[in-house]
Amino acid sequence: MKKIFIAFIIAVLFFSKNLIGQGMWMPNHLQKREADMQSRGLQISTAEIYSETQPSFRDAVVRLSTGCSAGFISSEGLLLTNHHCGRRQLQMLSTVENDILKHGFWAMNRGEEIVAPDLSVIATVRIVDVTNSVLSGVEAGMSEQEAAEIRRANIAEIVAKEENNADGFGYSAEVRTFFEGNKFYLFVFRTFYDVRLVGAPPTNIGAFGGDFDNWYWPRQAGDFMLFRVYVDENNQPAKFCETNVPYRPQKYFNMSMSGAQEGDFTWVYGFPGRTNYYISSFTLRQVVEVEHPIAIAARDKRRNIIRPAMDECPNIRIQYTQKLAGIANAWKRWSKELRGIERIDGISKKEAFEKEFQQWADTFNNGEHKNLLHQLQVAHEELEPFLIQHTIFNEHILAPEAVAFANQFDRLVQLSNDRNTTNAAFNEQLDRLRPIAERFFRDFNTDIDRQIFKTLSTSSVNGLEMRFVDFPDKNFDDYVNEMYARSIFVDEARFNSMFRRLNRRNAARLLGNDPMLNYARIVFSMHNSMILPEYRELRSNVNVLRRTFMRAQMEMQPDKMFWPDANSTLRVAYGQVHGFSPSDGVIFKYYTTLGGLIAKENPDVFEFTVKDRLRELYHARDFGPYVNANGEVPVNFISSNHTISGNSGSPVLNGRGELIGLNYSRIWQAAMAGYFWDPEQSRNTSVDSRFILFIIDKFAGAGHLLDEMTIVE
């Protein structure tokens with residue numbers, strides 16, 4: 001045992017000196033990284049990762065309409081993603097009587113697969129550099145407004161041309177900006193609309209540990225879910241139809257029985273959301289001192305209201321599971337981002353770079369950029385008061401959901417008051433709002449929303465007042481209670497009764513005096529007239545300077561290989577499997593086991609309860625072939641891949657391109673990955689492929705799903 005421990009320490013120390021991980025690389029540029037990747041363990045060519053002319057792993061990885069990533073794992077359209085990425089669909093399909101969100105779901109044949117509501121799958125078809133075309137006609141000396149109009153017109157023309165030339169259903173095109181607007185790429189997508197739920201473990205496997213373990217290590221979450229994509233008989237995207245058949249992808253990932261081993265080369269293929277790697281210290285300071293503190297305070301108060309209500313009522317638990325998860329995850333991520341940035345003294349690091357930049361800028365190109373940092377500082381100072389109010393509006397004033405919901409009906413009042421409005425125009429708006437209202441009330445609780453209104457509409461953070469309006473002198477609680485008692489926008493029965501009677505002639509009379517709508521009209525009017533215009537203009541000024549600052553950094557460091565900030569487009573991040581030392585005297589190994597999951601069991605806390613079947617399998621040692629060299633069932637592992645929100649559901653692959661895991665989160669030391677990367681401690685968290693197969697086969701008894709996979713040693 002002592003020898004094993006010493007060997008582990010040596011391995012950690014060795015790999016800590018040879019760490020890789022920083023960077024989210026565009027797959028169409030990977031040939032520039034190929035030699036480095038292969039020297040570290042990649043055994044395939046980068047053309048096998050991305051090719052526009054031949055089948056490649058580009059065809060096997062997709063983005064979900066929820067914002068997550070996913071990967072095909074069979075020739076029959078079987079799709080693997082995270083449990084939390086499909087939690088919304090489970091919630092929508094669940095009832096108190098048939099709570100598949102809580103208890104899980106497994107289709108034992110194709111006929112039992114269920115249409116996944118509000119879910120589509122987007123594949124990347126092509127990536128093309130269109131920078132020259134976008135900037136055609138933009139000349140030096142133009143105002144930013146003139147240049148922006150030309151860019152917008154060029155982009156519209158590029159997109160229209162691409163979509164008009166598309167041959168087939170489901171194609172779309174979009175031009176995305178890179179390097180703060182210095183580069184532009186055209187992305188051609190294809191969307192698949194018929195997606196069906198195949199399998200999902202129960203919540204206390206898929207989200208074992210819940211918010212308590214979120215962003216920490218060690219973890220033991222079986223965070224995976226299975227869907228299947230269906231198409232028409234010609235293998236083309238189609239809306240749902242009973243005659244649709246499983247999609248046959250050009251490429252899919254083989255499932256590895258070897259899983260993750262210490263020191264293994266890994267690469268993550270997915271769609272990371274948003275990073276801000278090249279920002280100035282002025283932008284970072286506003287994140288750390290302004291935006292995050294306001295948002296964190298709001299999210300903390302909301303989760304403390306929602307969680308107890310969920311514990312008391314099964315229906316509320318179903319209604320608010322997805323909402324609470326989003327609120328709590330953002331609260332913890334932002335909190336840990338601040339902690340991580342403070343741990344590495346991030347603002348000082350930015351300031352140190354800017355000192356070097358200023359020395360370079362004073363002499364480069366006759367001092368073209370010598371005033372750039374000062375201009376950035378001034379622009380951020382001008383933006384800050386409006387940034388504060390804009391953040392307060394989004395995180396506090398709009399925290400009660402009824403406010404934004406009611407505001408959407410103000411348009412009906414305007415149309416009703418306009419004598420030129422036709423019945424057709426009014427009814428068109430009415431029809432647009434009908435499904436919005438249905439979705440709203442399905443997951444809405446009046447008591448929770450009322451308490452959120454009372455708590456967040458008049459609160460303060462660091463001396464900043466959150467209220468947008470002065471409420472009457474009467475007792476504030478009484479005022480809010482009266483508003484919620486009278487408004488139709490918080491009571492489904494009253495709303496439906498009113499909605500059925502609405503027409504062009506009576507809408508202004510029936511809706512015009514609703515207290516929630518009147519409140520919403522006031523706060524939106526104040527925000528949209530007094531804050532938003534200035535905020536947008538000043539934010540635009542900052543963005544123009546950020547574009548110049550990005551270009552100047554690349555001019556200053558011509559030999560540096562820059563990777564573009566993530567923007568929800570297809571990327572590759574490569575790293576290694578290994579543990580880390582979070583603090584003096586503490587070393588974490590790289591994987592967790594089923595035994596560790598069982599040891600965490602707490603029957604009094606739902607997130608740590610263990611299903612009887614899982615406990616039986618453990619005590620019977622009925623693990624099948626899904627074990628490591630020590631006879632343990634591995635559950636999660638960590639590696640140094642640079643991931644961010646949006647990478648949830650990304651396949652984690654070995655040097656041969658085989659799926660060894662499924663990325664689902666990061667540890668808190670990597671929460672700051674949108675701003676900094678610490679090779680010593682930043683780690684992403686993944687479900688081991690062997691645990692995925694174990695749950696499908698031994699726990700769920702759905703071995704027929706393994707029959708359609710290609711499983712390799």
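Biologist: Let's start with R333. Which residues does R333 touch, not counting those up to four places away in sequence?
Modeller: One caution before that: this is a predicted model. R333 touches W215, S645, R666 and A671.

Biologist: How far apart are the C-alpha atoms of R333 and W215?
Modeller: They are separated by 7.5 Å. Along the chain, the two residues are 118 residues apart.

Biologist: Where does R333 lie, and is R333 buried or exposed?
Modeller: R333 lies in helix α11, residues 314-343. Its relative accessible area is 18%, so R333 is buried; the cut-off for buried is under 20%.

Biologist: Switching to S416. Which helix is S416 found in?
Modeller: S416 is in α15, which covers residues 410-417. S416 has 13% relative accessibility, so it counts as buried.

Biologist: And what is S416 in contact with, leaving aside neighbours within four places in sequence?
Modeller: S416 is in contact with R504, R505, N506, A507 and A508.

Biologist: New topic: disulfides. How many does a search of the whole structure find?
Modeller: The search finds one disulfide. C68 and C85 form it, with their sulfur atoms 2.2 Å apart.

Biologist: Where do C68 and C85 sit in the chain?
Modeller: C68 is in the loop between β1 (61-64) and β2. C85 is in the loop between β3 and α4 (87-93). The pair links distant parts of the chain, 17 residues apart.

Biologist: Why is the disulfide called left-handed?
Modeller: The torsion about the S-S bond of C68 and C85 is about -85 degrees, so the disulfide is left-handed.

Biologist: Are those cysteines buried or exposed?
Modeller: Buried. C68 has 9% relative accessibility, and C85 has 3%.

Biologist: What about C241 and C313, buried or partly exposed?
Modeller: C241 is partly exposed, with a relative accessible area of 33%. C313 also counts as partly exposed, at 26% relative accessibility.

Biologist: On to charges. How many salt bridges does a search of the whole structure find?
Modeller: It finds 41 salt bridges. One of them joins E76 and R110, whose closest N and O atoms are 2.6 Å apart. That pair links distant parts of the chain, 34 residues apart. E76 is in the loop between β2 (69-72) and β3 (78-81). R110 is in the loop between β4 (105-106) and β5 (114-115).

Biologist: Are E76 and R110 buried or partly exposed?
Modeller: Partly exposed. E76 is at 28% relative accessibility, and R110 is at 33%.

Biologist: Then there's R547 and E144. Which helices do they lie in?
Modeller: R547 lies in α21 (residues 515-556) and E144 in α7 (residues 144-165), so the pair ties together parts that are 403 residues apart in sequence. Their side chains meet in a salt bridge, at 2.9 Å from N to O. R547 is buried, with a relative accessible area of 18%. E144 counts as partly exposed, at 26% relative accessibility.

Biologist: Which residue forms a salt bridge with R690?
Modeller: D688 does, with the closest N and O atoms 2.9 Å apart. R690 is buried, with a relative accessible area of 2%. D688 is buried too, with a relative accessible area of 2%.

Biologist: And which residues do shared partners join into one network?
Modeller: Salt bridges that share partners join E76, R110, E113, R228 and E708.

Biologist: Back to D688. What does its side-chain oxygen reach at the start of α24?
Modeller: It reaches to within 2.8 Å of the backbone nitrogen of R690.

Biologist: Why is α24 described as largely enclosed?
Modeller: Nine of its 11 residues, in the run 689-699, are buried, so the rest of the structure largely encloses the helix. Among the buried ones are F691, L693, F694 and F699.

Biologist: What comes just after α24?
Modeller: G701 takes a positive phi there, about 65 degrees.

Biologist: Last one: α13. Where does α13 bend?
Modeller: α13 bends by about 40 degrees at E384. A proline, P385, follows within four residues.

Biologist: What span should α13 have, and how far apart are its end C-alpha atoms?
Modeller: At 1.5 Å a residue, its 26 residues (372-397) should span 38 Å. The end C-alpha atoms are 35 Å apart, which agrees.

Key
Residues are numbered from 1 along each chain as its sequence is written. This is a predicted model: local features need pLDDT of at least 70, side-chain atom pairs count only at pLDDT 80 or more; totals for chains, interfaces and linings use all residues. Side-chain values use heavy atoms; hydrogens and water are left out. Buried means under 20% relative accessible area, exposed over 50%, partly exposed in between (1.4 Å probe, protein chains only). Helices (H or I, at least four residues) and strands (E, at least two) are DSSP runs, numbered from the N terminus. A polar contact is a pair of N or O atoms within 3.5 Å; within protein, one must be able to donate a hydrogen and the other to accept it, and residues adjacent in sequence count only if both atoms are side-chain atoms. The expected span of a helix is 1.5 Å times one less than its number of residues. The bend at a residue is the angle between axes fitted to the seven residues ending there and the seven starting there. A salt bridge is a side-chain nitrogen of Lys or Arg within 4 Å of a carboxyl oxygen of Asp or Glu. A disulfide is a pair of cysteine sulfur atoms within 2.5 Å. Contact means heavy atoms within 4.5 Å.
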